[in-house]
Amino acid sequence: MRRFCQALGLALALGLTASAHGAPPAYFSLIIDDLGQNLPRDRRALELPGPVTLAVMPDTPHAAEFAQQAHKAGKTVIIHMPMDPATGPFAWHPDLPQAQLQSRLEAAIAAVPFAEGLNNHEGSRMTSRPDAMTWLMTSLQVHDLFFVDSRTSAKTVGAAKAQAMGVPSVSRDVFLDDVRTPEAVAKQLQTAIDIARKHGSVVVIGHPYPVTLDLLEKELPKLKSQGVDWIPILQMIAERGNRAMAGHGKDGEYPQNP
């Protein structure tokens, strides 16, 4: 994967820079989900001051327009792929034949131009299915797309299949806004920063809720002063090298049967 190889070189350079300054690396990557529904709202996510990854839902009215705007702004666009229990014309469900799963994925790729990767929207009843995740990773290889496991279920095997098949991937560590209050979102952001400092990196997912964007607009510019580097998601994938973090696996290996 050409993009992955480029990111790997940059990740190595970042690591050497951190070592040269005598400080262990602490890397932070941010994904904003559920985009494409409301352009004025979504543009706040687009305008966050750094390499935010924008996850666009294919079944939204502004998916293509917003993806084009995000790409033009130099942001990373990924497909926020609906999976059971999510519904809609693109959603993957366990009772669908492989041909229909494939056609829905192809339609989602067409609906979100400039996408470089994919993460699951919901999906607790799909990401736990080894057969479905094997089909997904095979398709992502064909389309040169990376995978982000949103980890909406403790039983997910998405990242495990990506790791086994050599698909560039990474797993979410922190959801920012399961509870939508300023105090709760601020606490989750601090948890993410603490994880980055302790383990070297953190992958964070948030949503374009006003409470989330209010906090991010204020706090993201302060990351550097707290010793945390905000890096693009592809660089994070390269930095982690498809290895599982301590909270997701043992000795860098994702469990095939959680």
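A residue is called buried under 20% relative accessible area, exposed over 50% and partly exposed in between, with a 1.4 Å probe and protein chains only. This is a predicted model, in which local features need pLDDT of at least 70 and side-chain atom pairs count only at pLDDT 80 or more, while totals for chains, interfaces and linings use all residues. Residues are numbered from 1 along each chain as its sequence is written, and side-chain values use heavy atoms, with hydrogens and water left out. Helices (H or I, at least four residues) and strands (E, at least two) are DSSP runs, numbered from the N terminus.

**Salt bridges**

- Side chains of opposite charge can pair when their charged atoms come close.
- The structure contains 11 salt bridges, a salt bridge being a side-chain nitrogen of Lys or Arg within 4 Å of a carboxyl oxygen of Asp or Glu.
- One of them joins Arg44 to Glu217, with the closest N and O atoms 2.7 Å apart; this pair links distant parts of the chain, since Arg44 lies in helix α2 (residues 39-46) and Glu217 in helix α8 (residues 210-219), 173 residues apart.
- Both partners are partly exposed, Arg44 with a relative accessible area of 26% and Glu217 with one of 36%.
- Asp131 and Arg129 also meet through their side chains in a salt bridge, at 3.2 Å from N to O; Asp131 is partly exposed at 30% relative accessible area, and Arg129 is partly exposed at 28%.
- A further salt bridge brings together the side chains of Lys224 and Asp229, at 2.3 Å from N to O, where Lys224 is exposed with a relative accessible area of 60% and Asp229 is partly exposed with 22%.
- Through salt bridges that share partners, Arg44, Asp214 and Glu217 are joined into one network.

**Helix α2**

- Leu39, Asp42, Ala45 and Leu46 are the buried residues named in α2, and they lie on the same side of α2 because they cover an arc of only 105 degrees around the axis, the arc being that of the directions from the helix axis to the C-beta atoms.
- The elements that cover the buried residues of α2 include β1 (27-35), β2 (53-56), α3 (63-72) and α8, where contact means heavy atoms within 4.5 Å.
- At the start of α2, a side-chain oxygen of Asn38 comes to within 3.0 Å of the backbone nitrogen of Arg41. A polar contact is a pair of N or O atoms within 3.5 Å; within protein, one must be able to donate a hydrogen and the other to accept it, and residues adjacent in sequence count only if both atoms are side-chain atoms.

**Aromatic rings**

- Rings of Phe, Tyr and Trp (its six-membered ring) pair if their centres lie within 6.5 Å, with planes under 30 degrees apart counted as stacked, over 60 as edge-to-face and the rest as tilted.
- By this rule the count is one aromatic pair: the rings of Phe28 and Trp230 have their centres 6.2 Å apart and their planes at 90 degrees, so the pair is edge-to-face.
- Phe28 lies in strand β1 and Trp230 in strand β9 (residues 229-230), so the pair ties together parts that are 202 residues apart in sequence.
- Phe28 is buried at 0% relative accessibility, and Trp230 is buried at 15%.
- The charged end of Arg180 sits over the ring of Tyr209, 3.8 Å from its centre; for this, NZ of Lys or CZ of Arg must be within 6 Å of the ring centre and within 35 degrees of the ring normal.

**Individual residues**

- Ser29, which belongs to strand β1, is buried with a relative accessible area of 0%, and a polar atom of the Ser29 side chain lies 2.8 Å from the backbone oxygen of Ile231.
- Leaving aside neighbours within four places in sequence, the residues in contact with Ser29 include Val202, Val203, Val204, Trp230 and Met236.
- Thr156, in the loop between β5 (146-149) and α6 (158-165), is buried with a relative accessible area of 5%, and its side chain is joined to that of Asp149 by a polar contact of 2.8 Å.
- Asp95, in the loop between β3 (76-83) and α4 (98-111), is exposed with a relative accessible area of 67%.
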